[in-house]
Amino acid sequence: MEVKTSLLDNMIGVGDMVLLEPLNEDSFIMNLRNRFDHNEIYTYIGSVVISMNPYRSLPIYTPQKVEEYRNRNFYELSPHIYALADEAYRSLRDQDKDQCILITGESGAGKTEASKLVMSYVAAVCGKGQEVNKVKEQLLQSNPVLEAFGNAKTMRNDNSSRFGKYMDIEFDFKGDPLGGVISNYLLEKSRVCKQPRGERNFHIFYQLLSGASDDTLVKLKLDRDFSKYNYLSLDSANVNGLDDAASFRTVRNAMQIVGFMEAEVQSVLELVAAVLKLGNIEFKPESRVNGFDESRVKDKNDLKEMCELLGIEQSVLERAFSYRTVEAKMEKMSTTLNVAQAYYARDALAKNLYSRLFSWLVTRINESIKAQAKTRHKVMGVLDIYGFEIFEDNSFEQFIINYCNEKLQQIFIELTLREEQEEYIREDIEWTNIEYFNNAVICDLIENNQNGILAMLDEECLRPGTVTDDTFLDKLNTICAEHQHFESRLNKNSKFLTDHSLPHSCFRIQHYAGKVLYRVEGFVDKNNDLLYRDLSQAMYKATHSLMRQLFPEGNPAKVNLKRPPTAGFQFKASVGVLMKNLQTKNPNYIRCIKPNDKKVAHIFTDSLVCHQVRYLGLVENVRVRRAGYAFRQPYESCLERYKMLCKKTWPHWRGPARDGVEVLLTDCSVPTEEFAYGRSKIFIRNPRTLFTLEERRRACLEDLATLIQKIYRGWKSRTHFLLLKKSQVVVAAWYRRYAQQNKYQKIKSATLVMQSFIRGWKARNILRQLKYEKRCKEAVTTIAAYWHGTQVRREYRKFFRANAGKKIYDFTIQRIMQKYFLGLKTTTMSPMDNSWPAKPYGFLEGAHTQLRRIFHLWRCKKYRGQFTEEKKAVYEEKLEASEIFKDKKALYPSSVSQPFKGDYLEIQKNPKYQKLNSAMEEKVLLADLVNKINRANGKGSPRLFLLTKSNFVLADQKTGQVKASVPLPDLASVSVSTQSDGFFALKLKEGSASASKGDFLLSSEHLIEIITKLHRIGTTAADRDQINIDISDEFLVQFKQDKVCVKFIQGGPKNGNSAACKRKNNRLLEVSVPSP
Ligand SMILES: Nc1ncnc2c1ncn2[C@@H]1O[C@H](COP(=O)(O)OP(=O)(O)O)[C@@H](O)[C@H]1O
Ligand SMILES: [Mg+2]
């Protein structure tokens, strides 16, 4: 943001009184008035800010204004309190100098407002962040709490601070706030019990009654009506422009932000309520026998409620209002209190209770806002202390307040006027002395430890015997008689004897800010600040948690007979500490002036302003500024700061700093009257000169910054470039290598291909050549062979023709036969083997077949030659069977493989047939079990069949008894079927001995063997004919008388596989043979 305004631009009057021409009181006030009329409420005297109270809100505290003044040079813009705040904050942050902001002025001149403006400015420009913002918020919100409890409406100011406040704000090295510490000075506690006309008690009472909820009020046993409370004067309970109810909410909110617990807030409000209740306790006299009056509580209701609020036993408090324990020489005595004393005690209790509550609040706030970090802090102190007060009726409080203001003036004088002059002398700078009033003498009058007024007062308070305010005044009259600033009617100094403006019970002090008349009444009491021990002990006994903390001296275990330090003494001590503290810091002054007594805007009362200007010593201040030099700095730091403005001193000056500064200033063509050379410092007369230097320095710094930037950027770019270059070389090298490798590989493989092609081509050429040569050679050989052949054949033809053909033929045939016979060797000797090699040549066909037949016969003969006699017989039998049955009966093939055993019953061995065997006369050739077929039903019954050479026998199977024995000559023929059944009929010769029994129809499993054996016997026997074997499917059988036809039919098997015989009719038996 481009800001056009400057201290010199659009100036109304002059912004800096140092520039005022001519300089006198009138022109000074005229200038103030002129500016005030144009809403310019701030004016400088050098670095001091004069602030006129506008009594209305001006649009000069906006966030834009904050931005405008932020980080700007003090003299750069039109005067503003922000410029001072900014200067202080920056030199705190950048130069590490602790700061204090001293705000002085009369009550209502705008000190408290100024202090708040400074704090809010600093809060706005310093660091941000969650933690920092919380600290800021807590610091700022401590104000409404303290104002509610410590401010009140007075005649001069609707929101007058009734306590002094000094707040140290602590910052870290970056300039971020860490926390703070608040010190409070002397609360005007008399206000709790009594307020001057037109003034109010402390805000909190009114705020509580108007703003608290009905509930809270009931809890606190309070009534909304102000008029119910003695301590709240009625005439100005409501103040225009003050909304107590809203303020109450603000305060509660602020307390919460600062960190008060809900219970703590409640306790605080209970104490406030207790103070109000206390004020309502009234006393009545009760006559005692000894003639003295004794006080009694009039209406005990308020007392009761208060005791309930604080948790005090009512009787204890009641007694404390009627009696007082006095200790003298280790003895305790109880004296009664009269009504006045009771009221005194009550008020003392109320005042103490309230002021201790206030101090507790400050301590509690400090606990919340104190800096957490233990690192070194930078500190900015803001002092907002009650201003100089001159009332019609001035009492102890005003005396104390004014004393404090004297001390502040001392500091101001010390640090600005005297310090300045002394420095010029020290630095050997030509200097015309400026007369100014040094108020040290007044301070001495008040605070001197031997004969100062405060010391006198303390002495009087401690003195045994009757002490009154008058004895104190007498003492002052004797001791301070000679002092120029002390005035009293009864003074030894006779010049005041006739001064009627000076009442007898008063003394007057000529303060630096004017004469003030003090009424001595109450001085002793207030200084003593006496609270009867009975009361403090009663308070200590309270169950309310806060009370014990507030009245520690009430602890009976710690009874301290020593008097507590007096109020005056305490105040002096704390002011002393404050002054020491301020002296260690860099001071910044805001001098507040109020333009009128009516608290209204736009009115500028010359006389009032003139008075303030005079006692603040502002004109002298300007004079000193003007006569002297606005700015000074040790040579070293000056050279260090501005050396860049001159080529000779930049970047280093070798030689004494003073010479360097001289060279520098000459080079910068600063007019010689603008500066002076001291012993160790350079003095610059005009702020503007300094400002010019600063301006040039800033421009130069910008150039330097650009230069540094330029070099840094160059360096950075170059480094970057070099790095890029290096990397590029590496990349390129690798790439080239890779590319070359690739190229080489390609060339190599191409070469190989070409090589192989060429070699192939060459090889093929050679091969072709070789092949050609070979063919040529072969051709030659062939031709030669043929040629030779031809030649030989031509020559030998005549010898060959006769025999060669036959010889070759014979040889060939011989070879072929040889090969053929060798091939026949593979055939086996088994007669069963049918294999025979195939004929190799057609011409061998006949021989081949014959050979095969001969060979077969031969190997059969060989085979037979191995047979024994028995085996031979068996085979002969088998051969006979074959002759009989082969191709005639279907049963035959199945019998071929079965050997003819003959004796199937093992008749010789089996004992069962012993008898039967022995009955046989000849050797049994065959013994078998057969079925004899019954003519009647065709069923068979088992019979043993035995065959010998001469007969066959049928015997009972079980008993072995011979049923029939037929000599073989009686057997005419045997009939069998063509089929696979085992039926056979043994037909007997008609007319033979056996024929009477009839033929036998039998069936046997060994049919083939039986018939063959029968046949053999027939062939071998010489005496009889051969047995006929009749093979047909229908034959007749002679059963005793009848002939029965046995017919064989082929049919499906009915009884398993065996043939079944069935009687069809009388003459027909049908044998059904299962089809094969
Ligand atoms: N800068 C200001 N702008 C507007 N009003 C102001 C300013 N300074 C003071 N006031 C008014 O003057 C009143 C008294 O100011 P205050 O700071 O309380 O005086 P002091 O603390 O010096 O007694 C304030 O309540 C406010 O109304
Ligand atoms: Mg104030």
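**Close-ups of a predicted model**

Searching the whole structure turns up 38 aromatic pairs, where a pair means Phe, Tyr or Trp rings (for Trp, the six-membered one) with centres within 6.5 Å; planes under 30 degrees apart count as stacked, over 60 as edge-to-face and the rest as tilted. This is a predicted model, so local features need pLDDT of at least 70 and side-chain atom pairs count only at pLDDT 80 or more, while totals for chains, interfaces and linings use all residues. Residues are numbered from 1 along each chain as its sequence is written, chains are lettered from A and ligands numbered from 1 in the order written, and side-chain values use heavy atoms, with hydrogens and water left out.

**View 1. F472 stacks with F523.** The ring centres of F472 and F523 are 5.9 Å apart and the planes meet at 25 degrees, so this pair is stacked. F472 sits in helix α16 (residues 469-479) and F523 in helix α17 (residues 523-528), so the pair ties together parts 51 residues apart in sequence. Helices (H or I, at least four residues) and strands (E, at least two) are DSSP runs, numbered from the N terminus.

**View 2. F486 stacks with F507.** Here the centres are 5.6 Å apart and the planes at 20 degrees, so F486 and F507 are stacked. F486 belongs to strand β13 (residues 486-488) and F507 to strand β14 (residues 506-511), so the pair links parts 21 residues apart in sequence. Both F486 and F507 are buried. Zoom out and F396, F399, F472, F486, F507, Y518 and F523 make up one aromatic cluster.

**View 3. Charges over rings.** R548 lies over the face of Y540, 4.6 Å from the ring centre. K878 has its charged end over the ring of F900, at 4.1 Å from the centre. The test: NZ of Lys or CZ of Arg within 6 Å of the ring centre and within 35 degrees of the ring normal.

**View 4. The largest cavity.** Its volume is about 80 Å³, and its lining consists of M119, V122, A123, C126, K136, L139, L140, I169, F171 and P177. Elements giving two or more residues to that lining are α4 (111-125), α5 (130-150) and β6 (164-171). A cavity is a set of points, on a 1 Å grid over the protein atoms alone, where a 1.4 Å probe fits but cannot get out; lining residues have an atom within 4 Å of a point.

Notes
Buried means under 20% relative accessible area, exposed over 50%, partly exposed in between (1.4 Å probe, protein chains only). On a 1 Å grid over the protein atoms alone, a cavity is a set of points where a 1.4 Å probe fits but cannot get out, and a pocket is an open set with protein on both sides within 12 Å along at least five of seven lines; lining residues have an atom within 4 Å of a point. Grid points are joined across faces, edges and corners, and a volume is the space filled by probe spheres set on the points.
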